Amino acid sequence: MSDWNAKIIEEFRANGGKVGGPFEGGTLLLIHHLGARTGTERVNPVAYLPDGDRMVIVASAAGADKNPDWYHNLNANPDTTAEVGTEVLDVHAEEILDEDYTATWQRLVARMPGFADYQTKTSRRIPLIALTRR
């Protein structure tokens, strides 16, 4: 795990899900995922959009030309856990597609416009993943 992520995870857990820096005031969760090839458990901090009965996370990789590793891991192992605030939730991850994608993307960038900037940096369509409680 990178030092960057490790520091955010430590701060998140120490402060009941609150962090400072570039994420201050935003909605952040810790997504647990199993490596698709290795089966190794990993944890990543990700911004999320509360969206009805689901939480939408964004596989932006800050506008890189490839999806983040956690995206591939969640596709391979969609039943997992997420830390939200002080709760650990059992969730199911599913990619958002078609018309739901378009409408959800619009809600997301209205609330977090930085993701629109990331989209301009890459030719891939940035995936959106819905997390729903199991």
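**Strand E3, enclosed on both faces**

Okay, let's start with strand E3, residues 54-58: five of its five residues are buried, so the strand is largely enclosed by the rest of the structure. Buried here means under 20% relative accessible area, with exposed over 50% and partly exposed in between, using a 1.4 Å probe and protein chains only. And strands are DSSP runs of E with at least two residues, while helices are runs of H or I with at least four, numbered from the N terminus.

Before I go on, a word on the source: this is a predicted model, where local features need pLDDT of at least 70, side-chain atom pairs count only at pLDDT 80 or more, and totals for chains, interfaces and linings use all residues. Residues are numbered from 1 along each chain as its sequence is written, and side-chain values use heavy atoms, leaving out hydrogens and water.

Back to the strand. In a regular strand the side chains alternate between the two faces of the sheet. So which residues of E3 lie on each side? Arg54, Val56 and Val58 are on one side, Met55 and Ile57 on the other, and all are buried.

Now, the neighbours. Strands count as paired if DSSP finds at least two bridges between them. E2, residues 41-51, runs antiparallel to E3 and is joined to it by four bridges; here Leu49 sits opposite Val56. The hairpin of these two strands has two residues between them, and Gly52 takes a positive phi near 65° there. E3 also pairs with E6, residues 128-133, again antiparallel, over five bridges. In that pairing Met55 stands opposite Leu131.

Is Ala47 buried or exposed? Buried, with a relative accessible area of 17%. Leaving aside residues up to four places away in sequence, Ala47 touches several residues, including Val56, Ile57 and Val58, and also Met112 and Phe115. A touch, or contact, means heavy atoms within 4.5 Å. Thr27 is another of those partners; Thr27 and Ala47 are 20 residues apart in sequence, with their C-alpha atoms 5.6 Å apart in space.

Zooming out, the protein has four helices and six strands, and from the N terminus the order is α-β-β-β-α-β-β-α-α-β. Buried residues make up 45% of the 134 residues. Of the contacts with a separation of 6 or more, 60% come from residues 24 or more positions apart. And the C-alpha atoms fill a box of roughly 35 × 35 × 30 Å along the principal axes.
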